[in-house]
Amino acid sequence: MIELQQVNKTFNKGKANQVNAIVDLNLHIADQQYVVIVGANGSGKSTLLNLIAGSVLSNSGHIVIDGVSVTKLPDYQRSRWIARVFQNPLSGTAPDLSILDNFRLAALRTHTKRLRIGTSEGFKKQVQEKISLLGMGLENKLEQQPMGTLSGGQRQALTLLMSVMDDCKILLLDEPTAALDPRSAELVMHTADELIKSFNLTAILITHQLKDAYRYGNRLIQMEEGKIIRDYNKENKLILTQSDLFDWFS
Ligand SMILES: Nc1ncnc2c1ncn2[C@@H]1O[C@H](COP(=O)(O)OP(=O)(O)OP(=O)(O)O)[C@@H](O)[C@H]1O
C-alpha cells in the first residue's frame, strides 16, 4: 500500500524560478495495483515517482508505504520496498561483465533473499530458470555473453528481472521504453506485465505511449500542473476507449 496525503513539492522555493511540481496531492495505491500515469511534459510525473522512491523529499505532507511513515526517509532506506527501472537500458548494468556476473552484482547490491549468492551451480541454475521466463533464449548465454553486447530491449528486460528478483513489493517504471525501438519496447512492456503479475507487485508506470497506457495496468491517472486531474479505476478504465485517451491530449 502506498499513501500520499497532502503532499507538496516546490523546487527553488522563494526564487524567481520557483516551480510547484506537486501540489496538495492525495493518492492511495492498494497492494498489487498497476497504476499507469500519463501527462504532458512537466506535469509532475517523475517528481511523484521520486517522492515515492525518496530520491526527492517533500516540502509538506505525508507519505506512507506498507503502513510505515517514510516521509523523511531517503531512497536507500526505502529500497527494501522499492525497485526502479529508468529510461536508459545501460543504467544499472556492467557492460563488460557477463549476464551471470551482472545478476551476482545485483544480488550483492540488494542483499536479495530470493537468491543464494555465489559462484555455485545453484545460483546459476536459479538465474537460468528466471531468465528462461523471458523467452529470449538468453539462459544459455549466461557466462559467454557480456551484457554490453545485448540489444537495448534485452538489457532492459534483464534489468527488470534483476530488480524484481529482490524481495521488493513496489516496482517504479519511469518511461522504461523511451530509448527503445517499437519491437523492443513491446517486449519490455510485455515482460514488465508478466513480472508484475508473477511477483504480485504493486507497480507504477510513467509513459508517453498512449497505446501502452491503454493496454497495461488496472488504473489510469492523468496529471497536470502537479495535480491528478483524471483517475480511472479498473472498471472505469475498461469502459474507456483508446480514442477517449487520445482526446485527453488533443
Ligand atoms: N530537480 C529539479 N529542480 C528544479 N526543477 C525541477 C526539478 N525536477 C523537476 N523540476 C521541475 O518540476 C516540474 C515537474 O517536472 P517532472 O520531471 O516531474 O515532470 P514530468 O511530468 O515527469 O515531465 P516529463 O514528461 O517531461 O518527464 C517541471 O517544471 C520541472 O522542470
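The legends below describe close-up views of a predicted model.

**View 1. Residues around the ligand.** The shell around the ligand consists of Phe11, Asn12, Val19, Ala21, Gly39, Asn41, Gly42, Ser43, Gly44, Lys45, Ser46 and Thr47. Two or more of these residues come from each of two elements, strand S2 (19-29) and helix H1 (45-53). H1 supplies the largest share, three residues. Sorted by class, the shell around the ligand has eight polar residues, three nonpolar residues and one charged residue.

**View 2. The open sheet.** Four strands make up an open sheet, and their order is S2-S1-S4-S5. The pairing in this sheet is antiparallel. S2 and strand S5 (68-69) are the edge strands, each pairing on one side only. S2 also gives two or more residues to the shell around the ligand.

**View 3. Pairing of S1 with S4.** Strand S1 (residues 2-11) pairs with strand S4 (residues 60-65) in the antiparallel sense, over five bridges. Among the residues in this pairing, Leu4 has Ile63 in S4 as its bridge partner.

**View 4. The largest nonpolar core.** This core, the largest of the nonpolar cores, has 61 residues. Leu161, Leu171, Leu172 and Leu173 have the most contacts inside it. Helix H5 (residues 182-198) gives the most to the core, with seven residues.

**View 5. Surroundings of Leu171.** Leu171 is one of the residues with the most contacts inside the largest nonpolar core. With its neighbours within four places in sequence left aside, Leu171 is in contact with Ala83, Ser163, Val164, Ile196, Leu201 and Ala203.

Notes. Residues are numbered from 1 along each chain as its sequence is written. This is a predicted model: local features need pLDDT of at least 70, side-chain atom pairs count only at pLDDT 80 or more; totals for chains, interfaces and linings use all residues. A residue is near a molecule or strand if its C-beta atom, placed from the backbone, lies within 6 Å of it. Ala, Val, Leu, Ile, Met, Phe, Trp, Tyr, Cys and Pro count as nonpolar, Asp, Glu, Lys and Arg as charged, and the others, Gly among them, as polar. Two strands pair if DSSP finds at least two bridges between them. A nonpolar core is a set of buried Ala, Val, Leu, Ile, Met, Phe, Trp, Tyr and Cys residues joined through C-beta atoms within 7 Å. A residue is buried if 20 or more other C-beta atoms lie within 10 Å of its own, exposed if 12 or fewer, and partly exposed in between; C-beta atoms are placed from the backbone. Two residues are in contact if their C-beta atoms, placed from the backbone, lie within 7 Å.
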